[in-house]
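Have the model open as you read.

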Amino acid sequence: MVELIKQGVYLLNGSEIATETANLPSADQAREETITYQILRAHDVEGGKGKKMRIKFDAMMSHDITYVGIIQTARASGLEKFPLPYAMTNCHNSLCAVGGTINEDDHVFGLSAAKKYGGIYVPANQAVIHQYAREAMVKCGNMILGSDSHTRYGSLGNMGVGEGGGELVKQLLENTWDINAPEVVLVWLEGTPKKGIGPHDVAISLVKAVFDNGFVKNKVLEFAGPGVKNLPIDFRNGIDIMTTETTCLSSIWITDEEVKHHYDIHRRPEAYKELRPGKVAYYDGMIRIDLSTQEAMIALPFHPSNAYTIHELQANPEKILREVEEDAKKLFGDKVNVELANKIVNGKVMADQGIIAGCSGGTYDNLSAAAAILNGKSIGNDYFTISAYPQSVPVYMATTRNKIAEELLEAGVVIKPAFCGPCFGAGDVPSNNGLSIRHTTRNFPNREGSKPGQGQISLVALMDARSIAATAANGGVITAATDVDFEDTHKPYDFDAKIYERRIYNGFDKADDSQELKYGPNIKDWPKMYAMEENMLLELAAVIHDPVTTTDELIPSGETSSYRSNPLKLSEFALSRRVPEYVGISKRIQSEDLARREGKTPQHVIDALAKVGADAKNTSFGSCVFANRPGDGSAREQAASCQKVLGGDANICYEYATKRYRSNCINWGIVPFTIAQDTPFDYASGDFVFIPGIREAILGGKEEIDAKVITANGVKDIHLYFQNLTADERTILAEGCLMNYYAAQKK
């Protein structure tokens with residue numbers, strides 16, 4: 001289904017892979033002919049064809065877990081008005097049952113900010129963030145920056161990038177997103193999917209092929225090939241949104257009449273233009289996908305890359321599910337008892353719940369196909385349940401008018417409003433040891449809302465909406481949609497703009513400084529953060545040796561969402577589901593550093609510094625997290641800001657799982673140290689790391705430094721790297737955080 005070509009390839013006229021390259025332009029020259037570079041260069045304020053890019057975006061997107069913090073940070077840094085279209089959707093904290101009025105207070109703040117600064121405000125349950133972007137914000141050749149990791153609109157000719165809030169703040173203050181000129185990987189699509197195959201099947205296969213080997217990490221995926229024309233827009237969108245799970249930087253697709261039709265039915269024909277690679281385009285690698293051989297897939301816990309065909313799972317369920325149980329033991333130890341193999345009934349794997357939701361699942365075409373499969377059938381009255389969340393009110397309206405909603409409801413499907421909750425654990429939480437099959441974006445631990453620390457665990461497997469519907473029609477027996485007979489005769493999607501025209505507040509270019517921001521009691525300013533001192537003493541507050549540490553482990557989603565606007569309260573949840581003692585340790589370190597600043601340095605800190613011949617006068621004292629590969633998953637900046645609020649000064653790892661998490665660390669003044677892959681890290685919580693001369697090294701342009709690890713058994717050497725930092729990023733780190741950086745500029 002998926003083949004990786006790990007050497008560079010040339011594409012001729014957008015249609016033919018070159019077999020003879022002797023007389024072709026150099027790789028650097030021909031890379032400029034990719035669609036990727038055509039768009040990036042047009043947005044690079046430096047111009048030219050350099051190895052560094054400083055990008056200004058055309059528009060931005062945020063949701064109600066992130067926009068309050070972004071606006072608060074920008075306001076503290078000198079924000080006067082939004083200089084570009086900035087849409088704030090309310091699709092994550094839509095539920096107001098947790099924390100009293102907190103969530104709705106955030107929404108009121110968002111509308112007041114849109115009025116004051118000139119923003120676009122999308123009320124709760126009108127649309128999930130990425131569908132609103134698809135329907136109202138995207139344009140061919142444009143770039144959108146979003147504070148959500150799944151900011152991907154390449155299938156509509158618009159490059160999308162998901163980053164932490166600090167990068168959006170920079171755009172609001174008319175600064176730039178700074179990157180190394182990226183490599184580009186060609187995704188070559190061939191063939192036509194057979195009936196029953198949907199976008200999640202292709203996406204899961206793609207993630208399986210490239211995640212573990214890092215083949216596309218921080219690269220741009222460019223989709224082309226004869227198979228593109230065989231995919232409807234919703235199918236393309238469904239693949240594109242999941243490219244985030246490959247760890248790529250962004251994505252872009254060729255555009256055609258199908259894309260033009262999208263813009264036509266959304267009453268924005270002027271936003272379309274044809275995008276094609278140039279005459280000779282170079283790609284740093286290629287992924288060939290034969291759509292005609294694609295099988296129905298299932299991604300088992302605890303990652304979208306842990307994938308099998310559904311037929312493979314049903315042929316050998318005992319072995320495969322036992323492997324997942326072993327993974328659970330490695331992750332949770334004795335905290336929970338995962339019993340996944342008991343889902344095997346009469347030799348077949350049974351699911352407890354089905355969910356079709358969000359930016360990937362709740363599309364019109366997915367719901368249409370699911371209704372066709374379930375039409376005239378029943379999900380039954382046993383344990384299996386299923387819910388569907390249309391991704392916007394216009395999509396919901398279309399499913400109602402075309403009898404899709406009627407057929408789903410008659411079969412027993414519960415239809416709910418546009419909401420992202422099932423993607424991050426704030427809705428439809430299964431029962432303990434329940435197996436939920438979901439057409440959503442992720443199946444990391446806790447993404448379904450379970451609490452392993454309290455002995456409660458449920459599990460998510462990703463599947464396409466078509467196979468979820470086939471499973472529902474089969475009483476919960478996991479079933480490939482390719483094994484059922486159905487015909488989808490529903491009308492194609494036709495967008496009705498009325499609901500957006502009547503409910504969306506579009507205030508871009510209408511900033512009104514006389515408007516007051518409306519604060520609820522839970523919306524708090526950021527606490528004081530200190531500039532970097534000459535030397536740095538770190539105490540390890542958490543040491544994690546898991547292969548990958550996700551942002552959901554660094555700061556849990558779900559019930560914590562209600563506290564996203566309260567930095568101090570939110571920080572109480574940091575690492576709570578992975579290292580519960582972390583918050584207490586970090587608070588103790590932070591209080592000891594405050595005592596040092598008052599001339600009352602604790603004796604054990606004095607003793608540690610004495611072992612390396614240093615004193616506390618010009619040496620900061622902060623907490624540090626070690627993890628092998630932290631930051632996979634969400635773009636939520638709170639994964640870093642919570643560490644900073646608790647006094648975190650640095651992270652140490654072998655590599656950062658994503659650029660966005662590393663950027664979050666930098667913007668919050670957390671030095672992103674790495675160590676060489678062959679360096680053992682056998683130190684424990686409570687050990688110290690002393691980095692002499694770190695401020696001078698950071699500001700002086702150095703990229704590595706000798707440090708000391710101080711343990712109860714003596715002092716050992718360690719070599720730390722802090723590579724690929726821009727001049728601005730170095731100053732941000734030295735000042736202590738992005739807000740301090742902008743405050744210093746105003747002096």
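## Burial and surface

Of the chain's 747 residues, 64% are buried, meaning under 20% relative accessible area with a 1.4 Å probe and protein chains only as cover. This is a predicted model, where local features need pLDDT of at least 70, side-chain atom pairs count only at pLDDT 80 or more, and totals for chains, interfaces and linings use all residues. Residues are numbered from 1 along each chain as its sequence is written, and side-chain values use heavy atoms, leaving out hydrogens and water.

## Overall build

You'll find 27 helices and 34 strands here, taken as DSSP runs (H or I, at least four residues, for helices; E, at least two, for strands). The radius of gyration is 25 Å, close to the 27 Å from the globule rule for 747 residues, so the chain is as compact as a globular protein of that length. That radius is taken over C-alpha atoms, and the rule is 2.2 Å times the number of residues to the power 0.38.

As for contacts (heavy atoms within 4.5 Å), take those with a separation of 6 or more: 77% of them come from residues 24 or more positions apart.

## Cysteines

How many disulfides does a search of the whole structure find? It turns up 0, a disulfide being a pair of cysteine sulfur atoms within 2.5 Å. For Cys642, the closest cysteine sulfur is in Cys665, 12 Å away and too far for a bond. Cys653 is in no disulfide either, with the sulfur of Cys665 nearest at 8.3 Å. Cys642 is buried at 2% relative accessibility, and Cys653 is buried at 0%.

Notes. Buried < 20%, exposed > 50% of the residue type's maximum accessible area, 1.4 Å probe, protein only.
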